[in-house]
Amino acid sequence: MASIKVHLEKCTGCTLCVKACAFGAIHMSERKAVIDMAKCTLCGACVAACKFSAIELEKSGGPKKDLSAYKDVWVFCEQKKGVIQSISYELLGEGRKLADKLGVKLCAVLLGHGLEDAAHKLGERGADKVYLADHPALKAYQDDPYTTVLVNLVEEYKPEVLLCGATTIGRSLISRVAIKTEAGLTADCTGLDVDLKERLLLQTRPAFGGNIMATIIAPNHRPQMATVRHKVMQEAAVQPGRAAEIISKAYPEETFASRTKLLDVIEELTNTVNISEADIIVAGGRGMGGKENFSLLEELAKTLGGAVGASRSAVDADWIPYSHQVGQTGKTVVPKLYFACGISGQIQHLIGMQSSKIIVAINRDPDAPIFKVATYGIVGDATEIVPALTREFKRALNK
Amino acid sequence: MDYLLTEQQAMIRDLARKIAQEKIKPVAAQYDESEEFAWPIMKILGESDLFGIYLPEAYGGLGGGIFDMCLVTEELSRACGGIALGFAGSALGALPIALHGSDEQKKKYLPDIAAGRRLAAFCLTEAEAGSDAASIKTTARKEGDKYILNGVKQWITNAGEAEIYTVIALTDKTKGIRGASAFIVEKGTKGMEFGKKEKKMGIRASATREVIFTDCEVPAANLISREGMGFIVALKTLDTSRPGVAAQAVGIAQGALDCALDYSRTRVQFGQPISSFQAVQHMLADMGTQIEAARALTYSVAKLVDSGAKSVSKESAMAKLFASDVAMKVAVDAVQIMGGYGYMRDYPVEKYMRDAKITQIYEGTNQIQRNVIAANMIKETLKK
Amino acid sequence: MNIIVCIKQVPNTTDVRIDPVTNTLIRDGVESVINPFDAYAIEEAVRLKERCGGKVTALTMGPPQAENALKEAIGLGCDEGVLVSDRKFAGSDTWATSYTLACAIEKLEAYDVILCGKQASDGDTAQVGPGISTHLDIPQVTYVKKIAEINDKTAKVERMTEEGYDVVEIPLPCLFTVVKEINTPRMPSLKGMMRAKSAKIAKWTAADLDADPAALGLDGSPTRVVKIFTPEARKGGEMISGTCDEVAKELVELLKGEVV
């Protein structure tokens, strides 16, 4: 069984570990760290925080496996109705960097039906190889056939890294594949890098509610799997004429069996403005004063080609549907430009938008926490400032 | 202050607080504005078993007492005194049945009230019988196995929304108050109608209407207790429920103080939060102290009522008088601390001030309460 | 219908404050609550019971105090609670967690539906639900926003997607992860809370499960934290002041490059 211990001779009593522990499990006794095993979850945060290697996490895992057969960086490329989703290009952009560092090939995995042309495009986006499984059962996403095919591919070709979008499809699929292939999986990575010596994927993600970053590895398992949210990575540039080797895979019919049956795919107009994909979000909160004032936000969003977001209190007051909610119980967004209008900036909201590149905050209360994360802050009434902004942007954009 | 509640009482208070803060507070201003009856909230209170806390377990209740009822009323009122009245008004209508009803009557009506499936209302006041409740004119004439009710009840809380009404009417006009009797009348009974909804200064989420009886036929089985017991039933009901009004007042006062305290910590003038100014601090200190005194008196009287004490008229009048005066004063001071913002309808504190006023008026004006208190005090000295 | 709902106890983020000096979470006085997303799973489980009859068992893996979450679930209408708790589970990542929960589910009597929240508010991974269904080798639908039809053989559900929703038919037994749109959770009831107070929660340790010890806790977890750091705090930037028109002009000038 795994255990954790403090090497007292190395402990300097610096208390870094106490601060690092998210579970309040460490206290100082006679200037030495003491771990309360009733609270400790063996998360390893203190081990990572200690500058003196005084805390050791002992893992009684089996013998180190031979992982040398695993190579290449794979990207699962999501398609809907035959169209490759932009998240896939973002992953190819990041995957290219990782593959170059590791000195291996970047391979795209594409599942669907009638995707010959789409597969060729992936070469222009930097893929060296494309593993293509083309079958009517793969036309639209279904858990069972997608899982079986991807597991088969992984077991046959043994990639060392497999990246996937943190989308509805990606999260459902990759979780299943990771269990079946006994791989380590890290969700929602915001940074990826490699440790060349151990050939480890260094996966950095927000932890414990988003205010601490953790770097996670899977030292003894392959492939190393990670999901990445939309807009976090740079899209791969198009290199016209660049071609990838297409490896078409055929499997016996039972590989495509599905216990679930997809009866219908409904697209809803209200959801067409997907806030997690928008580059510009104009969000409103309680300070907008009422439902009617949300039209001011829509006007600005329309002018800028962006989407309207909202804080939880605005959604709870029925000023705007839940699909627009940004924050902990809503969506996490990473736009280039985020306007927070009449949003005070509760921690639950900040978690969902603080990684935006530029944040503009407009609020009547100069002490509102939103100003602490804002790139630009304006103290004032959003219902007056937003229309003025719309006017000025229209003028600047010649609209 | 810690009132050393039992585990169950703390559970009741915490649940009421959760509902009040999560479900009522966000919609309080909206219902105040629209004057609609908050049925969605009543449904939540019903599903959470709160309507049954003070009713016996044998009739679907939780077997608690008026003290438990007060804990709930206070927490709900802290978020909205008007919505809280939907709950408290139903208790007022149910108490005559719970206190004086026959086993059949209790079996028939209390489980529905306890589950919140049906609300209750209490009908005593008339146009010419306010403080002078003995002047009621509504009559109930016996004909065979029925009583025929005629008359108009005024300012009835929950009227139109409730389905079970306890009505005080004269069965014998010649005997004055000794000729009054109490009846259960169900909504939908022929000859029973409702007047238009009153427009009020405060507690606007509460429904207030006339209840009009025109040759309304009520089965004789719906007579509560005996003929002539109507006033005893009414007075006992009001003595028992009055700590509930006190609790409503305490809740409103606490809600107003919560706003003022919050505001004073964040409002900056002359470069510092206004809570750092002694003028504001002293106001806050007085408000907090007065509320705690009102709460302590209310809780003590509620416990006295639950102990089965024979006469609680004086004490329950004291609790209602003191707590409602505190609510009014605290709400006015809360508006004052918030200054111009306090006067604006964008902020909730002016609503607390409007809501507080009714607690000094209904279920016996504070002037009548003082009469009752003094009369009881003098009576007690005569006994010595 | 036998329904299992998997829940997790998480820190209540409404209590979470950031230490302005160290920029770390202030955890003192932060209470533990049921993961907000699991509340929808509990409500849907209770509604399924009301719709089809049967029994709801709430299941959680966690420290001994996670028993409170199960009692709360019983107060909300669940019939029984099972706490899987052992030092041997410490350090579990999503792989080991879903394995442990799957082992616990196999020890329970036959089930028809397993419900999970779409993700936990502290980890945000959305991996444990699909992990459980994979370990159990049962079909799943994630991000369910409506259970339109259900009988003891199959269900027809709506899965939320980025563009709208899919209508999916699935045979039972199966697992659903649910989203906020699926329902509005009810408030606890006093009678339920009283029942919860006296309810006996089954407590299972690793020894009670038919599980491979090497697949539990840290040992069974492929992933490991190697570094923890506080992200560079976003600094409050520039304040723009002036009249409405002045600030609008200045801001548009500053943002011009971003909005082309």
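Begin by selecting B:Glu186, which is partly exposed because its relative accessibility is 21%, and a residue counts as buried only under 20%. Keep in mind during the tour that this is a predicted model.

**Stop 1: the partner of B:Glu186.** B:Lys108 and B:Glu186 form a salt bridge, with 3.6 Å between the closest N and O atoms. The two residues come from distant parts of the chain: B:Lys108 sits in helix H5 of chain B, B:Glu186 lies in strand E5 (residues 180–186) of chain B, and 78 residues separate them.

**Stop 2: the domains of chain B.** Colour chain B by its domain assignment, which gives domain 1 (7–119), domain 2 (121–230) and domain 3 (236–383). Now show domain 1 and domain 2 of chain B. Their centres, taken over C-alpha atoms, are 22 Å apart. In contact here are 28 residues of domain 1 of chain B and 25 residues of domain 2 of chain B. The size of an interface is often given as the accessible area lost when the parts come together. For domain 1 and domain 2 of chain B, about 2300 Å² is buried between them, with 55% of it on carbon and sulfur atoms.

Stop 3: Side chains of opposite charge can pair when their charged atoms come close. Between domain 1 and domain 2 of chain B there are six salt bridges. Select B:Asp32 and B:Arg204 to see their side chains meet in a salt bridge (3.5 Å, N to O). The count of residue pairs in polar contact between domain 1 and domain 2 of chain B is 14. On the side of domain 1 of chain B that touches domain 2 of chain B, two or more residues each come from helix H1 (7–34), helix H4 (81–100) and helix H5 (103–115) of chain B. H4(B) gives the most to that side, with 12 residues. By class, the residues on that side of domain 1 of chain B are 12 nonpolar, nine polar and seven charged.

**Stop 4: a network.** Which residues are linked with B:Asp32 and B:Arg204 in a network of salt bridges? Select B:Glu33, B:Glu35, B:Lys199, B:Arg345, B:Glu350 and B:Arg354 as well; these residues are linked with B:Asp32 and B:Arg204 in the network.

**Stop 5: two further pairs in chain B.** Go to B:Arg141 and B:Glu143, whose side chains meet in a salt bridge (2.9 Å, N to O). B:Arg141 is partly exposed, with a relative accessible area of 42%, and B:Glu143 is partly exposed with a relative accessible area of 42%. Then select B:Arg265 and B:Asp262, a salt bridge with its closest N and O atoms 3.5 Å apart. About one helical turn separates B:Arg265 and B:Asp262, because they are three residues apart in helix H6 (residues 230–266) of chain B. B:Arg265 counts as exposed, at 55% relative accessibility.

**Stop 6: chain A against chain C.** Show chain A and chain C together. Here 104 residues of chain A are in contact with 84 residues of chain C. Chain A and chain C bury about 8600 Å² between them, 57% of it on carbon and sulfur atoms. In chain A, the residues that lose the most area to chain C are A:Ile179, A:Arg259 and A:Tyr376, together 8% of what that side buries. Six salt bridges are counted between chain A and chain C. Select C:Glu162 and A:Lys80 to find side chains that meet in a salt bridge (3.0 Å, N to O). End on helix H10 (residues 382–396) of chain A, which gives the most to the side of chain A that touches chain C, with nine residues.

Note on methods:
Residues numbered from 1 in each chain as written. Chains lettered and ligands numbered in written order. Predicted model: local features only at pLDDT ≥ 70, side-chain atom pairs only at ≥ 80, totals over all residues. Heavy atoms only, no water. Domains from an automatic or database assignment. Contact = heavy atoms within 4.5 Å. Buried area = accessible area lost by both parts, 1.4 Å probe. Salt bridge = Lys/Arg side-chain N within 4 Å of Asp/Glu carboxyl O. Polar contact = N/O pair within 3.5 Å; in protein donor to acceptor, adjacent residues only side chain to side chain. Helix = DSSP H or I, 4+ residues; strand = E, 2+ residues; numbered from the N terminus. Nonpolar A, V, L, I, M, F, W, Y, C, P; charged D, E, K, R; others polar. Buried < 20%, exposed > 50% of the residue type's maximum accessible area, 1.4 Å probe, protein only.
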